[in-house]
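Please consult the sequence and the model while reading.

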Amino acid sequence: MVGTLIKHEWKRTRNMLAVVFGGVTGVVGLAGLATWFSVPVLNQVSLLVMVVAIVGLVLGTQALMVTDYWRSSYAKTGYFTQTLPIKGSTIYAVKMAWGSLVAIVAFLWAGALGAAAVVMTAPTRGLDAADAWGTVTDMWSALTGALGTGLAVAAVALVVLQPALYLVQFFFAVSFGLEGRFGRMGAGGPVITYAALYMVAQVVYLIGMFAVPLVVQVENGQVRVIRESLLRLMAEGQDPNGLPLGLIPPLLIIPVALVWRTAISWSSKISLR
């Protein structure tokens with residue numbers, strides 16, 4: 001049944017995703033060629049066009065997946081979805097898995113287009129393609145040199161997962177914001193829910209950092225944990241120069257809590273518009 005649900009997610013979203021992925025890839029390719037061959041006029045704006053297109057791929061894909069989540073779950077199509085003889089939490093899990101996969105692929109594809117853009121705009125910086133590609137590999141070498149290969153891979157993996165974590169928040173805002181108590185507010189319910197979630201999350205992050213006065217620092221690939229009061233640093237206007245350890249528990253707990261609460265919404269608090 002899960003496989004069938006994923007198949008329907010793919011069928012319902014493949015056309016719009018093809019338009020977005022294909023359109024952005026085409027725009028970046030044409031702008032890159034204009035730069036590579038120094039086409040008059042276009043050469044002047046191609047870099048801006050590529051940046052806007054690549055950033056738009058990441059943000060636009062997220063917006064599309066959230067809109068599709070709302071339409072297929074709570075709007076007109078939602079009436080069909082909610083009549084399926086399947087547990088609501090299962091449908092939510094499939095939508096979350098599919099949305100996360102799409103968001104992560106979009107992020108990775110945007111990274112690949114960014115690397116291609118660095119190479120295609122090489123002539124504007126007086127470089128050839130090999131030298132331009134070298135700047136990309138140098139960035140990875142600098143990262144592994146500072147963190148070590150293991151931590152560098154972990155850091156990149158954490159960054160790649162961020163689009164999926166944002167979707168967890170957006171899907172929660174839609175589901176919780178359209179429950180009975182907020183349903184009459186229309187789109188205002190999810191908007192207010194997301195704003196409240198953002199503010200609560202910031203407070204929780206601060207509490208975590210103040211409650212655990214430890215900072216993780218990395219020097220020459222070596223990790224060390226030092227005792228440091230964030231309050232003292234803030235009072236003196238200093239930077240912690242590392243990752244406050246108290247930030248990690250909220251980063252792990254909040255997404256889990258949001259997934260759990262959204263599953264409850266799907267199981268017993270659905271309110272169609």
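Predicted model: local features only at pLDDT ≥ 70, side-chain atom pairs only at ≥ 80, totals over all residues.

## Aromatic pairs

The count of aromatic pairs comes to seven. One of them joins Y69 and F171, which are stacked with 3.9 Å from centre to centre and 5° between the planes. This pair links distant parts of the chain, since Y69 is in helix α2 (residues 42–73) and F171 is in helix α6, 102 residues apart. Both Y69 and F171 are buried. The rings of F172 and F176 have planes at 20° and centres 5.3 Å apart, so this pair is stacked as well.

Y69 and F171 also belong to one aromatic cluster, together with Y74 and W266.

## The largest pocket

The largest pocket holds about 880 Å³ of space. Its lining consists of 29 residues, and those nearest the centre are L158, Q162, L243, L247 and L251. Two or more lining residues come from each of α6 (149–177), α8 (188–211), β1 (214–219) and α10 (248–268). Helix α6 gives the largest share, nine residues. By class, 24 of the lining residues are nonpolar and five are polar, while none is charged.

## The second largest pocket

The second largest pocket has a volume of about 350 Å³. Thirteen residues line this pocket, and G111, A115, V136, M139 and W140 lie nearest its centre. At least two lining residues are supplied by each of α4 (88–120), α5 (129–147) and α6; the largest share, six residues, comes from α4. The lining comprises eleven nonpolar residues, two polar residues and no charged residues.

## Annotated spans and confidence

An unreviewed UniProt entry lists residues 16–39, 45–66, 97–119, 139–161, 191–216 and 243–264 under "transmembrane region". In the model, residues 45–66 are 100% helix and 0% strand, with end C-alpha atoms 31 Å apart. Residues 191–216 are 81% helix and 12% strand, and their end C-alpha atoms lie 35 Å apart.

The average pLDDT of the protein chain is 85, and 95% of the residues score at least 70. Among the elements, α4 has the highest mean pLDDT (92), whereas helix α9 (residues 230–235) has the lowest (72).

Key:
Residues numbered from 1 in each chain as written. Heavy atoms only, no water. UniProt positions renumbered as here; feature names shortened; annotations may be inferred. Helix = DSSP H or I, 4+ residues; strand = E, 2+ residues; numbered from the N terminus. 1 Å grid on protein atoms, 1.4 Å probe; cavity = no way out; pocket = protein on both sides within 12 Å on 5 of 7 lines; lining within 4 Å. Points joined across faces, edges and corners; volume = space filled by probe spheres on them. Nonpolar A, V, L, I, M, F, W, Y, C, P; charged D, E, K, R; others polar. pLDDT = per-residue confidence, 0-100. Phe/Tyr/Trp six-rings, centres within 6.5 Å; stacked < 30°, edge-to-face > 60°. Buried < 20%, exposed > 50% of the residue type's maximum accessible area, 1.4 Å probe, protein only.
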